[in-house]
Amino acid sequence: MPRRPGLSVRLRLTLSYAGFLAVAGALLLAVVWGYLLRYVPDNPQGLLGISPNRWLLVRTFFPAAAVAMVFLLVFGLVGGWFLAGRMLAPLDRITAAARTAGSGSLSHRIRLEGRRDEFRELADAFDTMLGRLESHVAEERRFAANASHELRTPLAISQTLLDVAREDPTRDRDQLIERLQVVNRRAIDLTEALLLLSRSDRGTFAREGVDLSLVAEEAAETLLPLAERRGIALDVTGGAARVGGSAELLLRMMTNLVQNAVVHNLPTGGTVTVHTEERDGAGVVRVENTGPVLAPELVPTLTEPFQRGTERARTDEHAGAGLGLALVHSVVRAHAGTLDLAARPAGGLLVTVTLPTDTR
């Protein structure tokens, strides 16, 4: 927004310093006049006939006082300009860093040295903000690049299938349609996951009372055929856990947790246990599954977008796009909850979600 030019902060501080010094000098001279000269007799002989009278002292005092006032004013302006510059130097560095960040460079840091004061706290807070902003922008760019790559794959496959069908009219049409449906379904699922992830990150959803035990039962019922085909025993235990949030997002969160536990499991004879409860004023969901032993350094990366966990047991049919736990993490964060992942010593994963209870 355009603004009219005005005095700089440095000039205003300089004038303030000089004005304060001039006022202090004037008060000092007034004190001298009031408490010293008033005791000097105002007669031609002065005090006891040997000291100067008031008229002579005033005539001598006022020129010297005027010179002192001019000196104080000049000294206040020069010294105030220098002191204001020294005091505002950190602010100039912060302003330069802000302009650098505004031009698109987020790697610059102020790193203001010296003891802690208001400017140091402001600079440290600005550096922290730049660090978080740089990390967020890098994450968004990485996410956009990965999303583009993931979406390009099914589209490229579809284009290849269509090219083959055009060049070979005798090719089995039903088989082509079936493969196109599979590829198209994957592209649709990925797009819906991306939209849902974006929606949960923004937090733009209506909140209502949701019972996590009912959500867990619905998710388990939906995924029971998949668990039976893979020979996985799926069990839901616990009691009611009422929280506040979006029923749609919480159902998607629960579905992703259960599907992740079923898919990344033992080839056969595995188990998945979903437990819900209320604990310490919060709704808690624990999803525990069997599976291969996970490397400790792999567990923290599982909530990152497009991280499929290559060391985990999975099939090509359910490889997914690596958004399952990333979406869970986003939904939990949007509901002001916490997500904890822990590798089981015997193999598999224990996922614990804690959400605030519905206080309405």
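Author: Thr 338 stands opposite Thr 354 in strand β7. The model is a predicted one: local features need pLDDT of at least 70, side-chain atom pairs count only at pLDDT 80 or more, and totals for chains, interfaces and linings use all residues. Numbering starts from 1 along each chain as its sequence is written, and side-chain values use heavy atoms, with hydrogens and water left out.

Six bridges join β6 to β7 (residues 349-356), and the two run antiparallel. Two strands pair if DSSP finds at least two bridges between them. Strands of a sheet pair through backbone hydrogen bonds, either parallel or antiparallel.

Now the whole sheet. It is open, with five strands in the order β2-β4-β5-β7-β6, and its pairing is mixed. β2 (233-238) and β6 (338-343) are the edge strands; each has a single partner strand, so one side of each is left without a neighbour in the sheet. From one strand to the next, the twist averages 15 degrees.

Two loops by these strands deserve a look. Ala 336 sits in the loop between α7 (324-334) and β6. Its phi is positive, about 60 degrees, although Ala 336 is not a glycine. Most residues other than glycine have a negative phi. Asp 280 is in the loop between β4 and β5. Asp 280 is no glycine either, yet has a positive phi of about 55 degrees. With a relative accessible area of 78%, Asp 280 is exposed too.

α5 lies across β2, β4 (271-279), β5 (282-289) and β7, and runs at about 170 degrees to β2. Such angles run from 0 to 180 degrees between N-to-C directions, and axes are lines fitted to C-alpha atoms, for helices over the stretch in contact. Contact means heavy atoms within 4.5 Å.

α5 also meets a helix. The axes of α5 (residues 212-229) and α6 (residues 247-263) come within 9 Å and cross at roughly 40 degrees. The crossing is right-handed: the near helix is turned clockwise from the far one by less than a right angle. Residues of α5 in this contact include Leu 212, Val 215 and Leu 223; among those of α6 are Leu 250, Met 254 and Val 258. By class, the contact has 13 nonpolar, two polar and one charged residues. Ala, Val, Leu, Ile, Met, Phe, Trp, Tyr, Cys and Pro count as nonpolar; Asp, Glu, Lys and Arg as charged; the others, Gly among them, as polar.

Last, the setting. The chain has seven helices and seven strands. These are DSSP runs numbered from the N terminus: helices are H or I, at least four residues, and strands are E, at least two. The order is α-α-α-α-β-α-β-β-α-β-β-α-β-β from the N terminus on. Of the 360 residues, 33% count as buried. Among contacts between residues at least 6 apart in sequence, 69% join residues at least 24 apart.

Key. Buried means under 20% relative accessible area, exposed over 50%, partly exposed in between (1.4 Å probe, protein chains only).
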